[in-house]
Amino acid sequence: MSAPPPVPLAAPTRLWPDEAAAVRQAVAAVIDSERWILGPAVAGFEAAFADYVGAADCVGVASGTDALILALTCFDLPAATGVLVPANDGGFAAMAALRAGLTPIAMDVEHRSLLPGIENAEAAWRSSTHEVRAMVVTHPHGDAAPIFALDAWRRERGLVLIEDCAQAHGLRVGAQHVGTIGDAGTFSFYPTKNLGAVGDGGAVVFGQASQAAERARVLRQYGWEPAYRIAYAGGLNSRLDELQAAVLSARLRFLDARNQRRRQIADHLRTAAQSAGLSAHGEPLTTVAHHLVVRTPQRDALAGHLADAGIQTAIHYPTVLSQMPGLGAMAETPVARTLSQEVLSLPCFPELNDGEVERVGASLAAWSQEDPS
Ligand SMILES: *Cc1c(COP(=O)(O)O)cnc(C)c1O
């Protein structure tokens, strides 16, 4: 008997038939419309996504990275001032801060939650040699950061707050969607995200209408206002494509159902992981389960055990900011660094079939933390 096919960590092209049909139809309609740049599909998606998350405004852009860069540019922060960023977010926020002419400052995280809390923010803020004017809070793996506490903390210090929601489409904290609590929220529509395009895409949302929102809309197209007149420095060509916007509007209708399926898979895997003595992340009722993250000091052995069963895993993320040479000198963040050696992401996407989910669960449950030698 041959081994069963591997269970992939992600399979963004594996759409359910009703959703695939909606995507094909959306693409064909844009081609036929002969409006390919900043037309009705982008305006329609911006309105639909703003409505979905409860934001006053949404600006479609070319990627989640550009969303972060534009969000960090549109508040007109003084050059080279500090931006607090999580040490374990994969470097997205620090890269964007540098691109926006600002100085990233690493926040360590709490051991229990994998996230920066107020004490981490306070420590980074106090030890910074730069004047700190902004903070990026990431909602990783589909789970919420302690955003209301951090929001209160930063208000006392007058910092701009950007929420990186690239792994958290549809996530709510109480009644409010993430991305609408800070001054701006950024989303990526990379194909593997909870809401994915058939290529790259991104958006910046603003809970309140503001001058910054208007500026972001101008900056995404060269900084022109009106056409052929640069009104603000820091402009880019970062338009969301009509094609991608039409795909995203078609897929947005499926998002809540897909997140529900992710939660169901995460529940199954969390229970299996816990039965094997592993700690597993995600708040069962609210998570949008972008990844199901488990944690063990024997992480590499666990990854090997799962690979032997044909189950793909990944590490989000294997390095912290102080280990990234391209960022220059960054503060050491010992807790985040230890955790980067313990976390493992398991397959958790809505198109997994029940047999695949059961295979992952059974392999997890069969894991023994005892020294295998
Ligand atoms: C994917 C991701 C990004 C970058 O988005 P792109 O669309 O790939 O540029 C930024 N932040 C986080 C947390 C992400 O997961």
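This is a predicted model: local features need pLDDT of at least 70, side-chain atom pairs count only at pLDDT 80 or more; totals for chains, interfaces and linings use all residues.
Residues are numbered from 1 along each chain as its sequence is written, and side-chain values use heavy atoms, with hydrogens and water left out.

Helices (H or I, at least four residues) and strands (E, at least two) are DSSP runs, numbered from the N terminus. Contact means heavy atoms within 4.5 Å. Axes are lines fitted to C-alpha atoms, for helices over the stretch in contact, and angles run from 0 to 180 degrees between N-to-C directions.

| Strands | Sense | Bridges | Facing residues |
|---|---|---|---|
| E1 (57-61) and E9 (202-206) | antiparallel | five | Val61 and Gly202 |
| E8 (184-188) and E9 (202-206) | antiparallel | four | Gly185 and Val205 |
| E4 (132-138) and E5 (160-164) | parallel | five | Val136 and Ile162 |

Strand E9 is mostly covered, with five of its five residues buried; buried means under 20% relative accessible area, exposed over 50%, and partly exposed in between (1.4 Å probe, protein chains only). Gly202, Val204 and Phe206 point one way from E9, whereas Ala203 and Val205 point the other way.

Thr180 is placed in the loop between strand E7 (176-177) and E8. Thr180 is buried, with a relative accessible area of 7%. A polar atom of its side chain lies 2.7 Å from the backbone oxygen of His177. Leaving aside residues up to four places away in sequence, Thr180 touches Val53, Gly54, Ala55, Glu163 and Gly207.

A second open sheet has three strands in the order E10-E11-E12, with antiparallel pairing. Strands E10 (279-280) and E12 (343-346) stand at its edges, each with a single partner strand, so one side of each is left without a neighbour in the sheet. Two bridges join E10 to strand E11 (residues 292-295), and Ala280 has Val294 as its bridge partner in E11. Helix H9 (residues 255-275) packs on this sheet, touching E10 and E11, and its direction makes about 10° with that of E11. Helix H10 (residues 299-308) lies across E11 and E12 and runs at about 20° to E12.

The largest pocket has a volume of about 480 Å³. Of the 30 residues that line the largest pocket, the closest to its centre are Asp89, Phe92, Gln167, Lys193 and Tyr317. H3, E8 and helix H11 (334-340) each supply at least two residues of this lining. On a 1 Å grid over the protein atoms alone, a pocket is an open set of points where a 1.4 Å probe fits, with protein on both sides within 12 Å along at least five of seven lines, and lining residues have an atom within 4 Å of a point. The volume is the space filled by probe spheres set on the points, which are joined across faces, edges and corners.

Note on methods. Two strands pair if DSSP finds at least two bridges between them. A polar contact is a pair of N or O atoms within 3.5 Å; within protein, one must be able to donate a hydrogen and the other to accept it, and residues adjacent in sequence count only if both atoms are side-chain atoms.
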